[in-house]
Structures are given as structure tokens and as C-alpha cells.
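Here is a note for a colleague who is opening this entry without having seen it before. The points below are meant to be read beside the sequence and the model.

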Amino acid sequence: MKIRKGDEVIVLAGKDKGATGKVLRVLPREERVVVEGVNLITKNIKADQQRAGKESGRVTVEAPLHASNVAIVEDGKPVRVGYRINEDGTKVRISRRSGKEI
């Protein structure tokens, strides 16, 4: 998976198309990412023993998006990601648009 936690991404498809945000979590097995402030859903939280002291009610949280629906942002535009091996043998991610390291 070419997207990592902390990357700045733009949403390419869905109800939040065009929105940008920071990746909070990456779920590689499901090929999904959670983006800050994007794909918000409302969950109903029930009071129980484990949540002692916290109230029940409605909570708005970010739901995962499929990784194919987001792209890394460079200068406000989506870019594809490639890889390059440096002279010292380290593998780094690069932007296919500009060739710069991400």
C-alpha cells in the first residue's frame, strides 16, 4: 500500500470528493484508510461498565475509505506514487508528477 499514516491526501470519489485531510489510520488488510474530517458518520454510543463516567449518546467519527478513492496531494493536486532505490540502498517513495521524495 502506497499511502501511509500522516500523509496528506485528497478524496477522488464518493460523497466527500475533493476534500483533503491527513491520514489517521491505515488498514492494509482491508485496503482502507481513515482520513481526518472525511467520510463522517454518526454512531450511537450506549452507556456500559467499561465507559464508566462517560455519557451515552451520538458521536461523530471518521469511517474508513477504500485506498483507491484517495491520492496523495502535491501542490493541491493528486499525484501517483512510485518508488526509487537510492545509492545507499534505501527505498524511498517519490511523486510521479515531479520526481521529488514524498
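1. The secondary structure of the protein chain consists of zero helices and ten strands, so that the order from the N terminus reads β-β-β-β-β-β-β-β-β-β. Helices (H or I, at least four residues) and strands (E, at least two) are DSSP runs, numbered from the N terminus. The radius of gyration of the protein chain, at 17 Å, is well over the 13 Å that the globule rule gives for 102 residues, and the chain is therefore more spread out than a compact globule. That radius is taken over C-alpha atoms, and the rule is 2.2 Å times the number of residues to the power 0.38.

2. Before going further, please keep in mind that this is a predicted model, in which local features need pLDDT of at least 70 and side-chain atom pairs count only at pLDDT 80 or more, while totals for chains, interfaces and linings use all residues. Residues are numbered from 1 along each chain as its sequence is written, and side-chain values use heavy atoms, with hydrogens and water left out.

3. As to overall dimensions, the C-alpha trace of the protein chain spans about 55 × 30 × 20 Å along its principal axes. Buried residues make up 26% of the 102 residues, where buried means under 20% relative accessible area, exposed means over 50%, and partly exposed lies in between (1.4 Å probe, protein chains only). The chain exposes about 7300 Å², of which carbon and sulfur atoms supply 45%; these areas come from the Shrake-Rupley method with a 1.4 Å probe.

4. On charge, the protein chain carries 22 positive and 14 negative side chains, and the centres of the two sets lie 4 Å apart. Lys and Arg count as positive and Asp and Glu as negative, without His and the chain ends, and each charge is placed at NZ of Lys, CZ of Arg, CG of Asp or CD of Glu.

5. Which residues make up the largest nonpolar core? There are twelve in all, namely I3, V9, V11, V23, V33, V35, V38, L65, V70, I72, V79 and V81. The elements that give two or more residues to this core are β1 (8-11), β3 (32-35) and β7 (70-74). A nonpolar core here is a set of buried Ala, Val, Leu, Ile, Met, Phe, Trp, Tyr and Cys residues joined through side-chain atoms within 4.5 Å. In soluble globular proteins, nonpolar side chains tend to be buried together.

6. Contact means heavy atoms within 4.5 Å, and among contacts between residues at least 6 apart in sequence, 41% join residues at least 24 apart. Leaving aside neighbours within four places in sequence, the core residue V81 is in contact with K2, I72, R93, I94, R96 and I102.

7. L12, in the loop between β1 and β2 (20-27), is partly exposed, with a relative accessible area of 35%. Beyond four places in sequence, L12 is in contact with K17, S68, N69, V70, A71 and P78; the C-alpha atoms of L12 and S68, 56 residues apart along the chain, are separated by 8.3 Å.

8. R96 belongs to the segment after β10 (91-95) and is exposed, with a relative accessible area of 55%. Not counting residues up to four places away in sequence, R96 touches R80, V81 and G82. From C-alpha to C-alpha, R96 and Y83 are 9.0 Å apart in space and 13 residues apart in sequence, whereas N69 and R96 are 18 Å apart in space and 27 residues apart in sequence.

9. Two backbone angles deserve a look. Most residues other than glycine have a negative phi. E31, however, has a positive phi near 55°; E31 sits in the loop between β2 and β3 and is partly exposed at 45% relative accessibility. D75 likewise has a positive phi near 55°; D75 is placed in the loop between β7 and β8 (77-79) and counts as exposed at 70% relative accessibility.
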